[in-house]
Amino acid sequence: MTVAAPSPEPLPASATSALLAWFAEEGRDLPWRRTRDPWAVLVSELMLQQTQVARVIDRLPRFLARFPVPADAACSVADVIDEWRGLGYNRRAVNLHRASEAMVERHDGRVPEALDDLLALPGIGPYTARAVRAFAFEFDDAVVDTNIGRILARVVGERLTPTAAQRTADAWVPNGCGWSWNQAVMELGALRCRPTPVCDGCPLAACCRWHQAGHPSPDPAVRSAAVSTGQSRFEGSDRQGRGRLVDALRLGVVADVDLAAVMGWADDHARARRVADGLLTDGLAVRDGATWRLP
Ligand code: SF4
């Protein structure tokens, strides 16, 4: 017989109120917090994964002006990759294009609101699906990203599994406050509960077990669910070569013989070809004869 795990504890009402009040006072005015348009929310969430807030503030309006609805992004993957210039991790552009195609085919060109429908879209994982539900449709879904994962582990005082982190986050959402609650926890993680936390004045300090225990080592957030371990070195990495090749393809075709030089590894053709083949697999490039181009 399987014994069900005990339900996670909800936060004390005083902590819930304190965090919502803190967010109302100190939360940043960000463009994606001023809209409930599901397409704008979806695009912003995909951009914000791995790209700095300031750059997304700059680029989101331009992207939405070029692709105002999913049907526009469904037309041409090359155009979406082109507009993704400078945002990094170009695979997200391919995913966004593929998700747009699926929305046109299955949902009349609209972003669906059911969790299963969102999760069935190409490239849309549990975080993004729940973020769209909470931030566009204002459902009481709990999102768990790296910032929230850090807070969950520290407040509970232990490293959490993905299931435990999601269940704990679900238990914390106050009824009818899905939008503001998720924004508030995310903002606390971005501004205060950072890898090196600023606990003085934190609205959750009174109920945070790790803080109350005096920050014993190890920090429970380290290797807890959803908490990122930091990006590997970019300089000299395969990722840098991929980015260079996609940047070159945005300008035109690249010949086989020029691959290594374009990617910055003029003396390592085997590496350049292996990394370029990865772009083929990811749908970011096409090889015609002895030349490469955007799909
Ligand atoms: S008290 Fe410190 S560790 Fe705990 S949630 Fe607040 S900022 Fe994070």
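**Close-up views of a predicted model**

**View 1. The buried residues of helix α1.** T16, L19 and F23 are the buried residues of α1. They lie on the same side of the helix because they cover an arc of only 70 degrees around the axis. An α-helix has 3.6 residues a turn, so residues three or four places apart point the same way. The other side of α1 carries exposed residues: A13, S14, A21, A24 and E25. The cover over the buried residues of α1 includes α11, residues 178–191. The model shown here, and in every view below, is predicted.

**View 2. Helix α1 from end to end.** Helix α1 runs over residues 13–26 and has 14 residues. From its first C-alpha to its last it reaches 20 Å. That is close to the 20 Å expected at 1.5 Å a residue.

**View 3. The shell around the ligand.** The ligand is surrounded by 13 residues. The closest are C193, C199, C202, C208 and H211. Two helices, α9 (146–156) and α12 (209–212), each supply at least two residues of this shell. The largest share, three residues, comes from α9. By class, ten residues of the shell are nonpolar, one is polar and two are charged.

**View 4. The domains, and where domain 1 meets domain 2.** The protein is divided into three parts: domain 1 (12–27 + 141–230), domain 2 (37–135) and domain 3 (238–293). The centres of domain 1 and domain 2, taken over C-alpha atoms, are separated by 26 Å. Eight residues from domain 1 and six residues from domain 2 make up the contact. On the side of domain 1 that touches domain 2, four residues are nonpolar, two are polar and two are charged.

View 5. R91 sits in helix α6, which covers residues 91–106. R91 counts as partly exposed because 18 other C-beta atoms lie within 10 Å, whereas a buried residue needs 20 or more and an exposed one has 12 or fewer. Leaving aside neighbours within four places in sequence, R91 is in contact with D282 and L284. R91 and G283 are 192 residues apart in sequence. In space, the two are 7.9 Å apart, C-alpha to C-alpha.

How values were computed. Residues numbered from 1 in each chain as written. Predicted model: local features only at pLDDT ≥ 70, side-chain atom pairs only at ≥ 80, totals over all residues. Near = placed C-beta within 6 Å. Helix = DSSP H or I, 4+ residues; strand = E, 2+ residues; numbered from the N terminus. Nonpolar A, V, L, I, M, F, W, Y, C, P; charged D, E, K, R; others polar. Expected span 1.5 Å × (residues − 1). Arc of directions from axis to C-beta. Contact = placed C-beta atoms within 7 Å. Domains from an automatic or database assignment.
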